[in-house]
Amino acid sequence: MKPTLLVFNVTDKKRVAGIKKSLLLLGIRGKFVNKELYDVPIGMIFEGKFPDNYGKYDSEELTEEMIVMGGFTSSMVDKLIASFYKNGVGKINLKAMLTETNAEWNAQELFLELKKEHEQFTRN
């Protein structure tokens, strides 16, 4: 898989511009995911193919920003994070690598899991 970043609920124009600049400089493909696709399995969003019965999500927006990285090496993750800081994006707390397990989850399911993990790590 070509390195691809899925971006959820980043709405600040400066941060969006910083993410786009970072992706361009690093040669990473990016997809800003619309709320209507939050019911689509993450793996299908990466592929850009999903059945007609998906893509009709019409509930709440995520309460925080989230990114999902597919096809990244650990070095690429480090470069992306550094580039985010350099280009004014700063920190995005909820981030994940695409796995066989979370590829089957939708955005809401992944968000809830990442939120729970983040809260556990920041409590300690």
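Two strands pair if DSSP finds at least two bridges between them. The legends below describe close-up views of a predicted model.

**View 1. Strand β3 with its partners β1 and β4.**
β1 and β3 pair in the antiparallel sense, over five bridges. In this pairing, Leu-5 has Met-69 of β3 as its bridge partner. β3 also pairs with β4, here in the parallel sense and over four bridges. Met-66 stands opposite Leu-94 in β4, and Met-69 stands opposite Met-97 of β4.

Because five of the five residues of β3 are buried, the strand is largely enclosed by the rest of the structure.

**View 2. Met-66 and the largest nonpolar core.**
The largest nonpolar core has 19 residues, of which Leu-6, Phe-8, Ile-42 and Met-66 touch the most other members. At least two residues of this core come from each of β1, α2 (42–47), β3 (66–70), β4 and α4 (107–123). The helix α4 gives the most to this core, with four residues. A second, separate core has 15 residues, including Val-7, Leu-23, Ile-67 and Phe-84. In soluble globular proteins, nonpolar side chains tend to be buried together. Leaving aside neighbours within four places in sequence, Met-66 is in contact with Leu-6, Val-7, Phe-8, Ile-92, Leu-94, Ala-107, Leu-110, Phe-111 and Leu-114.

**View 3. Helix α4 and its buried side.**
The 17 residues of α4 should span 24 Å at 1.5 Å a residue, and the end C-alpha atoms are 24 Å apart, which agrees. Buried in this helix are Ala-107, Leu-110, Phe-111 and Leu-114. These residues cover an arc of only 100° around the axis, which puts them on the same side of α4. An α-helix has 3.6 residues a turn, so residues three or four places apart point the same way. The cover over the buried residues of α4 includes β1, α2, β3 and β4. Leu-112 and Arg-123 are exposed, on the face of α4 turned away from its buried side. At the start of α4, a side-chain oxygen of Asn-106 comes to within 3.0 Å of the backbone nitrogen of Gln-108.

Helix α1 covers residues 13–26, 14 residues in total, and reaches 20 Å from its first C-alpha to its last, close to the 20 Å expected at 1.5 Å a residue. Its buried residues are Arg-15, Val-16, Gly-18, Ile-19, Ser-22 and Leu-23. Seen down the axis of α1, the buried residues fall within an arc of 160°, so they line one face of the helix. This set packs against β1 (4–8), β2 (29–33) and α3. Lys-13, Lys-14, Leu-24 and Leu-25 are exposed on the other side of α1. At the start of the helix, a side-chain oxygen of Asp-12 lies within 3.1 Å of the backbone nitrogen of Lys-14. Gly-27 follows α1 and has a positive phi, near 70°.

Asn-87 belongs to the loop between α3 (74–86) and β4 (94–97). With a relative accessible area of 15%, Asn-87 is buried. Its side chain makes a polar contact with the side chain of Ser-22, at 3.1 Å. Not counting residues up to four places away in sequence, Asn-87 touches Gly-18, Lys-21, Ser-22 and Leu-25. Leu-25 is found in α1 and is exposed, with a relative accessible area of 58%. The C-alpha atoms of Leu-25 and Leu-80 are separated by 9.6 Å, although these residues are 55 residues apart along the chain.

**View 4. Asn-9 in the loop between β1 and α1.**
Asn-9 is placed in the loop that runs between β1 and α1. Its phi is positive, about 60°, although Asn-9 is not a glycine. Buried means under 20% relative accessible area, and Asn-9, at 16% relative accessibility, therefore counts as buried.

Key:
Residues are numbered from 1 along each chain as its sequence is written. This is a predicted model: local features need pLDDT of at least 70, side-chain atom pairs count only at pLDDT 80 or more; totals for chains, interfaces and linings use all residues. Side-chain values use heavy atoms; hydrogens and water are left out. Buried means under 20% relative accessible area, exposed over 50%, partly exposed in between (1.4 Å probe, protein chains only). A polar contact is a pair of N or O atoms within 3.5 Å; within protein, one must be able to donate a hydrogen and the other to accept it, and residues adjacent in sequence count only if both atoms are side-chain atoms. Contact means heavy atoms within 4.5 Å. The expected span of a helix is 1.5 Å times one less than its number of residues. The arc is that of the directions from the helix axis to the C-beta atoms. A nonpolar core is a set of buried Ala, Val, Leu, Ile, Met, Phe, Trp, Tyr and Cys residues joined through side-chain atoms within 4.5 Å.
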